[in-house]
Every structure is written in structure tokens, then in C-alpha cells.
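The following paragraphs are intended to be read alongside the sequence and the coordinates.

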There are 2 protein chains.
Amino acid sequence: MQRYFVAKEQMTEQQVQIIGDDVKHILRVMRMDVGDEIICSDNDSRTVRCCISSKADNEIIADILEKLRPDTELPVQVTIAQGLPKGDKLELIVQKGTELGASGFLPYVAVRSIVKWDQKKASKKLERLGKIAKEAAEQSYRERIPVIHNICSLAQLKKELSSYDTVILAYEETAKSREQAQLGKALTALSSGGSILIIIGPEGGITEDEFKQLTEAGAIACGFGPRILRTETASLYALSAISYHFELMR
Amino acid sequence: MQRYFVAKEQMTEQQVQIIGDDVKHILRVMRMDVGDEIICSDNDSRTVRCCISSKADNEIIADILEKLRPDTELPVQVTIAQGLPKGDKLELIVQKGTELGASGFLPYVAVRSIVKWDQKKASKKLERLGKIAKEAAEQSYRERIPVIHNICSLAQLKKELSSYDTVILAYEETAKSREQAQLGKALTALSSGGSILIIIGPEGGITEDEFKQLTEAGAIACGFGPRILRTETASLYALSAISYHFELMR
């Protein structure tokens with residue numbers, strides 16, 4: 001069944017109001033009508049199955065039939081701090097990372113980041129990433145849309161570290177030198193409900209200086225297997241491993 | 001250091017001969033010269049560091065300096081049987097799947113596969129996928145290039161099942177119904193050196209009939225976490241989980 005996110009104030013006890021682009025999607029793309037059923041989430045704790053009861057060009061009203069419990073959120077909160085990569089790789093990272101359960105994405109400017117985002121480009125990019133996250137969250141039946149944080153510097157990123165229970169730094173040299181057990185150890189030490197920040201470098205990885213600064217600030221350097229992963233693959237590996245560890249290894 | 005695969009017969013005890021597109025890559029893209037070092041693998045068991053000793057437009061000779069032991073292959077052989085997906089998704093699956101350690105890819109025509117490959121298109125596509133696998137294997141420091149198998153039917157796929165130690169069928173309904181522990185159980189039962197076939201449906205998943213046929217032929221239906229993954233994300237999840245299980249959980 002098709003799924004849509006709505007704002008909290010658009011969901012009352014009995015009804016859901018759908019406005020904006022989703023109206024077009026429901027009527028023109030999905031060609032749905034009065035009587036058809038959809039699933040709506042308020043991006044917090046309510047997910048409901050409901051039935052379209054009225055339609056107009058700019059508004060759809062749906063009556064709530066039952067409360068659902070998708071229970072599709074990861075038991076730990078995972079934020080991906082991604083060194084700004086080239087091209088549209090960040091879009092792939094946000095789309096796939098949302099499917100795999102990430103709670104948030106935090107792009108940062110690393111020394112080896114080649115792309116530059118000025119103010120105008122940044123706000124356009126962040127808006128587009130937010131849209132990709134919403135669509136991927138609907139498609140993958142998430143209960144919450146991941147947060148797209150503002151782009152930040154390494155200094156700002158370092159200040160964020162203390163607000164997470166565990167900070168993991170993806171480090172290629174660690175992979176090469178066979179320090180493989182760190183990720184397993186870090187996940188085993190974390191309890192359900194905890195928060196993890198995963199820091200990933202851009203193409204070419206992080207510099208020795210960035211490594212020093214981040215590990216001194218508390219990040220644990222972890223290899224993600226012995227193969228060299230592209231920057232856009234590292235977060236997908238981490239999220240899949242976290243899902244396997246917390247959701248499937250029971 | 002830049003890495004290249006060469007055919008077995010191009011690597012003697014003392015020297016490596018590089019021919020074809022890689023000559024262009026070494027001379028024009030990387031702008032390397034006599035005296036520069038590269039890493040070469042024979043796609044079997046030999047990986048060497050070597051130094052370019054002579055160059056011509058169609059051939060480079062490099063002297064072997066030392067034998068390396070990258071040890072970057074997964075301890076289990078994983079083949080991805082992918083229901084033919086739309087667009088260029090198979091290219092993403094092969095590129096990322098190679099980085100994540102897959103041994104082979106086996107595209108099959110599922111009931112819900114929309115794309116059709118005729119003979120001509122298939123040979124062109126398979127050639128392109130082989131090139132992507134080679135480049136991704138070089139980039140990720142693999143010792144072997146994954147095999148791209150010919151496209152097959154479900155009937156042919158079913159016949160292949162008995163040649164693997166374990167066959168896993170990614171099944172969305174299983175994910176929804178919370179049968180989460182199957183993948184963990186299946187991997188725990190498999191020993192190092194074993195072979196796994198992971199069967200993934202196309203967009204829209206596999207049909208009830210395909211499910212019945214494949215599970216009756218021995219495939220174990222497994223959920224890959226409670227979220228609904230797009231077809232191109234499922235193999236990346238499975239490979240990451242397998243790497244985490246066999247390489248990092250020690």
C-alpha cells in the first residue's frame with residue numbers, strides 16, 4: 001500500500017489531511033480515488049491506515065481506519081557524517097542510507113573534499129536531499145524521515161562528537177592493517193536506544209591530521225572489512241552491519 | 001598504488017606484461033613512466049608489486065619487486081542471483097557488490113522483470129558488466145574479478161541451487177512478518193570456505209509461485225531487516241552482513 005508522510009498537525013484523531021505535492025502523486029501518478037486506501041505517518045509515533053474520503057486539486061482528506069505499528073526503525077540512532085563527495089553521490093548515500101535505517105545525515109567539508117558549496121547551492125542541495133530522504137522513507141516504510149543537517153566544517157563536526165554515545169571513524173588504513181574487530185567491539189558495547197555517529201571521509205579519505213583530530217576527540221577508528229570501499233559505499237556497509245548486529249543476530 | 005589485473009600468462013616469475021586498455025590508462029590517465037610502481041594481480045593467487053621497466057603504445061613491461069598478500073577476498077564465496085532490474089541498476093549492483101566482496105553475479109529473468117534482453121543486448125550488457133567488475137575489483141584491491149554469469153531463466157536458476165552450500169532467498173514478506181533471525185542462523189551454520197547463493201527479486205519482488213518453487217528447491221527465505229529495501233540495495237545489505245559476520249565479528 002502507498003505510504004505518505006504528513007505534518008503532525010495534519011493528523012487528527014479521526015482524519016488525515018494531505019496537501020502539497022503528495023496530492024498530485026495520489027491523484028495523477030497513482031490515479032487513486034475516493035474509497036482507496038493509503039498509509040500515513042506523522043513522522044513521529046503515529047502510522048495509520050486510512051481511506052480517502054474526499055479529494056480536491058490541493059487537498060485530500062482520508063478517514064483513519066486503524067493504527068499500525070510498522071516497527072521499522074533501527075534500535076539505535078545512526079547519523080552519517082559524510083565528507084562532501086563529488087557529483088550526485090550524496091544523493092545515493094541519502095537514498096540508500098534512508099532505506100537502511102539512518103536517522104540523520106551530516107555533510108562536512110573535509111580537507112580532500114573537492115566540491116565547494118556556496119550558500120545558495122547548499123540550500124538548494126539540502127532541500128533536494130530532504131526530498132530524497134522523504135521519498136526513500138516512504139518507500140522503505142520508515143516511521144521517521146531522517147534529518148538532513150546543515151553542512152559544517154571539521155571544527156564544528158568535532159564539537160558534535162560529545163552528543164553521541166559512540167563515534168566511529170571509517171578508516172581505510174585500519175582496514176589495510178587488519179584491525180578488523182573494532183566495529184564489532186564498538187557495536188557490542190552499545191546498548192539498544194543508543195546513538196552512533198559514523199564519520200566517513202570523501203574520495204581519497206581523511207588526512208592524517210583529520211584522523212588525529214577526530215580520534216583525539218573520541219572517535220574510534222574502524223575498518224569496514226579488508227577491501228577498499230568507495231566513499232559512497234562505506235555508510236551502506238556500516239548501516240547494514242548495524243542492522244544485522246541489532247536486528248538479525250538474535 | 002594503482003592496481004591492474006592481467007591474464008595468468010602475462011605474469012612470469014620475474015615480469016608482468018600489460019596490454020590492451022590498461023596501457024592507455026597507465027600512460028595517459030595516470031601519466032606514469034619507466035621507474036613508477038604498480039600492483040598487478042593475475043586474478044588467481046598472485047599479486048605483485050612491480051616497477052615499469054619499458055613502455056610502448058601497446059605494451060608495458062614491469063619487473064616484479066615483491067609478492068604481496070592482500071588477503072581481501074571474503075572467507076565465503078557469495079554469488080548474487082539478481083532478478084533483472086530496470087535501467088542501469090545492474091551496473092550499480094555489480095560495482096558495489098564487487099567492492100563488498102561478491103564472487104559472482106547471475107542475472108535471471110523473473111516474472112516481474114520488465115526489461116527484456118535479446119541476444120545482442122545481452123552480450124553487450126554482459127561485456128559492460130565485466131568491465132565494471134574488473135575496474136571495481138582493481139579499485140577495491142580484490143584478488144579476483146567476480147564472474148559475470150550468463151543471464152538465465154528461473155528453471156535454469158533452480159538447477160544451479162544444488163551447487164551451493166547455502167541458498168538464501170531475500171523475501172520482503174518475511175521482513176514484514178518479522179522472521180528476522182533466519183539470515184543470522186543461515187550464516188552461523190555456514191563454515192569458512194563455503195559457498196552462498198543470494199537470490200534477489202526484481203522491482204516488485206518475486207511472485208508467490210517463484211517463492212514456492214525456490215524454497216521447495218532448497219532456498220531459505222530470509223528477511224534483511226524490517227525496512228523494505230529497493231532491489232538494488234538488497235545485495236549490498238547481504239554482502240555487508242556477510243562481511244561483518246565472517247570478517248569483523250571475531
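In which loop of chain B does B:D71 lie? The model under discussion is a predicted one, and in it B:D71 belongs to the loop that joins β5 (59-68) to β6 (77-83) of chain B. The backbone there deserves attention: B:D71 is not a glycine, yet its phi is positive, about 50 degrees. Most residues other than glycine have a negative phi.

A second residue of this kind is found elsewhere in the chain. B:R31, also not a glycine, has a positive phi near 50 degrees, and its place is the loop between α1 (21-29) and β3 (37-41) of chain B. B:R31 counts as exposed because its relative accessibility is 71%, where exposed means over 50%.

The discussion now turns to the interface. Chain B places 46 residues in contact with 46 residues of chain A, and the two chains bury about 3700 Å² between them, with 55% of that area on carbon and sulfur atoms. On the side of chain B, the most area is lost by B:R227, B:Y244 and B:L248, which together account for 21% of what that side buries.

Polar contacts link 23 residue pairs, both residues at pLDDT 80 or more. Among the elements of chain B that each supply at least two residues to the side touching chain A are α2 (89-99) and α3 (119-139), while α8(B) gives the most, with 11 residues. By class, that side comprises 19 nonpolar, 14 polar and 13 charged residues.

How values were computed
Residues numbered from 1 in each chain as written. Chains lettered and ligands numbered in written order. Predicted model: local features only at pLDDT ≥ 70, side-chain atom pairs only at ≥ 80, totals over all residues. Heavy atoms only, no water. Helix = DSSP H or I, 4+ residues; strand = E, 2+ residues; numbered from the N terminus. Buried < 20%, exposed > 50% of the residue type's maximum accessible area, 1.4 Å probe, protein only. Contact = heavy atoms within 4.5 Å. Buried area = accessible area lost by both parts, 1.4 Å probe. Polar contact = N/O pair within 3.5 Å; in protein donor to acceptor, adjacent residues only side chain to side chain. Nonpolar A, V, L, I, M, F, W, Y, C, P; charged D, E, K, R; others polar.
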